[in-house]
Amino acid sequence: MAIGSGLGAQIGIAAESSYGTFTASSKFIEFTKEGIALKKTTAQSMGIAAGRLLPLSARRVVTRREVQGTLEMEIANKGMGLLLQQLMGTTVTPVQQGATTAYLQTHTLASVAGKSLTIQKGIPLTTGTVTDKTLVGCKITSGEFSCGVGEMLTGSFEIDGKDCDESQTLAVASYSNMSPFHFGQMALKTGTFGAEAALDGIRKVSVKIERPQDTERFYANQAALKKEPIENDQVKITGTLESDYTGTTLDDLHTSDGATSLVWEFIGPTIASTFAETFRITLPAIKLDEGPPVVDGFGVVKPSFNFTGLYDGTNQPKIEYISTDVAL
């Protein structure tokens with residue numbers, strides 16, 4: 001019997017073999033907030049009948065079902081691979097580093113066609129009984145990462161799904177011994193791709209990766225459910241660099257509209273040999289859109305630069321993740 005509040009909640013995830021096919025949870029995510037739920041569209045018959053003052057209950061029908069919502073969490077040193085794969089698109093197999101227990105995942109930007117998750121939520125009643133909400137055909141339509149002074153690295157994932165199935169058996173949750181990445185491990189580098197140098201004065205960074213998809217593929221013969229969403233626009237990468245005005249590197253790039261490579265990384269404890277727990281986002285080309293420094297008082301000038309991630313013609317954006325996970 002679980003605690004009859006959010007303290008007893010759980011979320012498990014698993015990659016699906018095909019869109020909307022239930023797969024039992026293989027990973028359990030420590031999350032901070034979720035809002036993934038069934039959305040239904042209904043239609044009510046409005047036929048006129050003499051003396052009838054209310055629409056008939058029996059004449060209301062469900063015309064479509066889908067799942068939408070957000071999953072928020074701290075980005076930890078284990079268990080993030082499935083979510084990163086769903087966001088970035090590349091099918092990843094962790095690569096052992098040397099003869100150690102460290103494994104590198106390289107999630108390079110690619111198509112997300114054919115990639116979906118089963119997300120199983122356990123939601124406690126006040127009695128302690130945990131109810132099952134199994135969400136199938138879940139695709140990540142965007143992921144945003146953020147970390148500032150004194151904060152954990154957090155992730156927020158927008159989810160679009162096919163349906164909610166409440167007939168499955170709730171999996172028994174189990175968790176690895178995980179710890180979150182945080183500001184004390186954070187570094188930001190800019191410059192020529194492959195030779196980026198540390199940038200001083202950075203107080204907070206956020207990066208958002210959007211995967212636009214046609215999520216309105218409702219057809220006849222589908223029992224009010226959608227077919228797998230299809231990518232229908234180019235990937236959108238945006239972000240913000242909040243800083244103290246310690247130098248003109250970013251200011252000059254804004255003025256010239258020049259491109260720079262950006263590396264945002266978190267280096268944790270050493271796993272073995274020279275290999276440390278790592279979370280790293282590499283954007284080979286960004287351009288600054290807004291944020292030239294202005295003085296609004298006696299304090300330190302604190303420009304906030306908004307940027308757009310672009311293709312440099314050779315190198316794709318990627319997320320690298322080093323952990324002890326031997327599989328996603």
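Biologist: How many residues does the largest nonpolar core have, and which of them have the most contacts inside it?

Modeller: Bear in mind that this is a predicted model. Its largest nonpolar core has 54 residues, and those with the most contacts inside it are Ile119, Phe145, Leu153, Val207, Trp264, Phe279 and Ile319. Apart from that core lies another one, of five residues, among them Leu104, Ile271, Ala272 and Ile322.

Biologist: Which residues does Ile319 touch, leaving aside those up to four places away in sequence?

Modeller: Ile319 touches a set of residues that includes Leu84, Leu87 and Met88, as well as Phe145, Ile209, Phe279 and Ile281, and its contacts also include Gln105, Thr106, His107 and Arg280.

Biologist: And Phe145, is that residue buried or exposed?

Modeller: Phe145 counts as buried, because its relative accessibility is 0%, and its place is in strand S9, residues 130-148. The C-alpha atoms of Phe145 and Val172 are separated by 29 Å, the two residues being 27 apart along the chain.

Biologist: Why is helix H1 described as largely enclosed by the rest of the structure?

Modeller: The general idea is that an α-helix has 3.6 residues a turn, so residues three or four places apart point the same way. In helix H1, residues 81-88, eight of the eight residues are buried, and therefore the helix is largely enclosed by the rest of the structure. The buried residues are Gly81, Leu82, Leu83, Leu84, Gln85, Gln86, Leu87 and Met88, and H1 is followed by Gly89, whose phi is positive, near 105°.

Biologist: How much space lies in the largest pocket, and which residues are closest to its centre?

Modeller: Rolling a probe the size of a water molecule over the atoms shows where empty space is left. Here about 270 Å³ of space lies in the largest pocket, and of the 15 residues that line it, the closest to its centre are Leu109, Val235, Gly309, Leu310 and Tyr311. Two or more lining residues come from each of strand S17 (236-243) and strand S20 (304-310).

Biologist: How many disulfides does a search of the whole structure find?

Modeller: A disulfide is a covalent bond between the sulfur atoms of two cysteines. The search finds zero disulfides in the whole structure. For Cys164, the closest cysteine sulfur is that of Cys138, and at 9.3 Å it is too far for a bond. Cys164 counts as buried because its relative accessibility is 9%, and Cys147 is buried too, with a relative accessible area of 0%.

Definitions and conventions. Residues numbered from 1 in each chain as written. Predicted model: local features only at pLDDT ≥ 70, side-chain atom pairs only at ≥ 80, totals over all residues. Heavy atoms only, no water. Core = buried A, V, L, I, M, F, W, Y, C linked by side-chain atoms within 4.5 Å. Buried < 20%, exposed > 50% of the residue type's maximum accessible area, 1.4 Å probe, protein only. Contact = heavy atoms within 4.5 Å. Helix = DSSP H or I, 4+ residues; strand = E, 2+ residues; numbered from the N terminus. 1 Å grid on protein atoms, 1.4 Å probe; cavity = no way out; pocket = protein on both sides within 12 Å on 5 of 7 lines; lining within 4 Å. Points joined across faces, edges and corners; volume = space filled by probe spheres on them. Disulfide = S-S within 2.5 Å.
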